[in-house]
Amino acid sequence: MRRLSLSSRLALLFAACTAVVSLFAGVLFSRASEAHFIELDQQLLDSKLLGLRRALHDLQSSDSQVKLADELSRQADLSLRITGSDGRRWYDSSPQLPDKLPQTPGLSKLNDDGTDYRVLNAPLFADKPDSPQLTLLLDITHHQHFLQRMQHLIWLTVGLSALATALLGAWAARSGLRPLRRISAVASGVSAQSLNARLPEENMPPELAEMAHNFNAMLGRLDDSFQRLSAFSADIAHELRTPLSNLLTHTQVTLTRPRPIEDYREALHSNLEELQWMAQLVNDMLYLAKADHGLLMPKCEPLQLAEEADLLLEFFAPLAEDAQVKLSRDGNARIEGDRSMLRRALSNLLDNALRFTPVEGYVSVSILDQPKGVSVSVQNSGKGISAELLPRLFDRFYRADPARQEGSSEHAGLGLAITQSIIRAHGGQIRCESAEEWTRFVIELPKKD
Amino acid sequence: MKLLIVEDQPKTGHYLRQGLAEAGFNTELVADGNTGQQLALSGEYALLILDVMLPGRDGWQILQAVRNAGLDTPVLFLTARDAVEDRVHGLELGADDYLVKPFAFSELLARVRSLLRRGSASPQETSLQLADLRLDLIRRRVERNGQRIDLTAKEFALLEMLLRRQGEVLPKSLIASQVWDMNFDSDTNVIEVAIRRLRLKIDDEFPNKLIHTVRGMGYVLEERPA
């Protein structure tokens, strides 16, 4: 079954509420008018009773009928019956009425042949136990007609007002829900090409403002990710273009005419180098893609950072000795992390540092064990990096030295991005600081309890 | 010694077989999982090289069937997906090693040799030798042509690895992993430098060179005719 629309639902609820309220008011009003009529009848009958008692105070026999007739003639809708204490009927102004009348003292109601009567039973002499009984009957048909008309009117009002509020409610709901339709219109217009559409947050009603804000924030995040993804794809294409075109050209040129076997060998070797570079690039990009999808799940091994750093320094020792760079490490900290990932992260930093350290320079690793977390910094001497380039260092395919042209070096410019991904997967942060004489990468890792 | 390759991509399968055959292995290639499993269960093979995605029956299922049959044939997985679950899954099922595509053939060859060697426990050697190069494992001394050579601990470990696997082309990544325990992709040229420094001590003063570079693939220690 299809769910009702929000506007129809609201309209129906409005109508139901109005119907209930007007029905309640109508019932109350009709009860009140009925009570009012009963009160009027009571007053009338009481005053008649008083008159009759006065007129009949000396009634002993049926000789005062004249007096009674006279008394009754002034009130056409009133009938009277007098019954003696012995049960005999002394007087009856309307013999056509049924013999059996309600005997309960006080007011009661009687319906005879479509005519309604109010009946009052009272003793003629209030103080005498064997007094004859007076029964007064008042024709109240016109009251009942009025009440019936009123009830019809009430039902009509209930029906009409419910209908009217349903229609008005539908209109009100539609216009009240207009901001929602605006959101829907914006949402339906969002596509990869138009992620920059935003909802106007200022003229949203407060109930929707937060939603609109979240919606805009979501669009913002999507836009940002999409931009980065597009840029990344463009970068990949660009990075792969150079080795691919080298491969194509070299292979085609080699094949244009017969050559000595050495030339083929040389061509294959050259191709192999390009291919290895591309394979490395693809593997690195897959690694980053995994990190982007939150699939980089570091293991939690207890690690002594000093031990790890020393092993890495030992690994890089031949390179450093060759470049006449001094390697050092101080401090230690215990941490839970993924050994192989953290080694990779640190090795990228060390490799990077060694690349940019001049002869006779130094690369130092300092580990600081702080109560909040652990910081590991890798500092190298050499010309600093200008401040405006610092934030871009972790961008994919960014190379600090533009002279290092793409494709030719084994270094694709993904090392620092990978390091950053690894540190983030460990819940940490990495930043770069630089001065005139040195550059320092600082890793901050949280401590897990 | 026979190797079984189960790989459904014809080109990959063909080159794997050719490469392994030229490296001196007797190989059989099948392209679908069901035949692969039948052959694997015969127990005739010294090593299984399985692709994960296969028609009929995937690599995991073959591995499971082999292990359920009580065979401990070493299994090397080739996978195009480097998902963590794949890795965990494979190791749980009892895979011995795996390579993520794209991989270098030299890397595959080195891993195949490692796996085949694992089964046969080598006798306790006290020294390794090639031509006039001698490495004394007990006294941790290296001599060439009777001349004592001083090596650092890592240089010794590197030379020991080259000597143990003489004649094999060892890719840089394998050297980094075996000698320095660095098991990650790295584009650093540390290994080149380390090899160069080792050469300086081992080869430079002698006419017949023992450490050779196989361009684009790695390094090999062998005696080549001058």
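Colleague: Let's start with the strands. Which residue in strand 5 of chain A stands opposite Leu78(A)?

Modeller: Leu138(A) holds that place. Keep in mind that this is a predicted model. The general idea is that side chains in a regular strand alternate between the two faces of the sheet. Here, strand 1 (residues 78-83) of chain A runs antiparallel to strand 5 (residues 133-139) of chain A, and 6 bridges link the pair.

Colleague: What does strand 1 of chain A form with strand 2 of chain A?

Modeller: A hairpin, with 5 residues between the two strands. Their pairing is antiparallel too, over 3 bridges, and strand 2 covers residues 89-92 of chain A. One bridge joins Ile82(A) to Tyr91(A). In the turn, look for Gly87(A), whose phi is positive at about 95 degrees.

Colleague: Which residues touch the most other members of the largest nonpolar core?

Modeller: They are Phe316(A), Leu350(A), Ile49(B) and Leu50(B), in a core of 90 residues. Helix 8 of chain A contributes the most to this core, 8 residues. Setting aside residues up to four places away in sequence, Leu350(A) touches Leu312(A), Phe316(A), Val363(A) and Val378(A). Another core lies apart from the largest one; it has 13 residues, including Leu52(A), Leu120(A), Leu136(A) and Ile140(A).

Colleague: How many residues does each chain bring to the contact between chains A and B?

Modeller: As a general idea, the size of an interface is often given as the accessible area lost when the parts come together. In residues, the contact here takes 24 from chain A and 20 from chain B. On the chain A side, helix 6 (261-292), helix 7 (305-323) and helix 8 (339-356) each give two or more residues. Helix 6 of chain A has the largest share, with 9 residues. By type, that side of chain A divides into 10 nonpolar, 7 polar and 7 charged residues.

Colleague: And which residues of chain A does the UniProt annotation "transmembrane region" cover?

Modeller: The unreviewed UniProt entry places it at residues 153-173 of chain A. In the model this span is 100% helix and 0% strand, and its end C-alpha atoms lie 29 Å apart.

How values were computed: Residues are numbered from 1 along each chain as its sequence is written. Chains are lettered from A and ligands numbered from 1 in the order in which they are written. This is a predicted model: local features need pLDDT of at least 70, side-chain atom pairs count only at pLDDT 80 or more; totals for chains, interfaces and linings use all residues. Two residues are in contact if their C-beta atoms, placed from the backbone, lie within 7 Å. Helices (H or I, at least four residues) and strands (E, at least two) are DSSP runs, numbered from the N terminus. Ala, Val, Leu, Ile, Met, Phe, Trp, Tyr, Cys and Pro count as nonpolar, Asp, Glu, Lys and Arg as charged, and the others, Gly among them, as polar. Two strands pair if DSSP finds at least two bridges between them. A nonpolar core is a set of buried Ala, Val, Leu, Ile, Met, Phe, Trp, Tyr and Cys residues joined through C-beta atoms within 7 Å. A residue is buried if 20 or more other C-beta atoms lie within 10 Å of its own, exposed if 12 or fewer, and partly exposed in between; C-beta atoms are placed from the backbone. UniProt positions are given in the numbering used here, feature names are shortened, and annotations may be inferred rather than shown by experiment.
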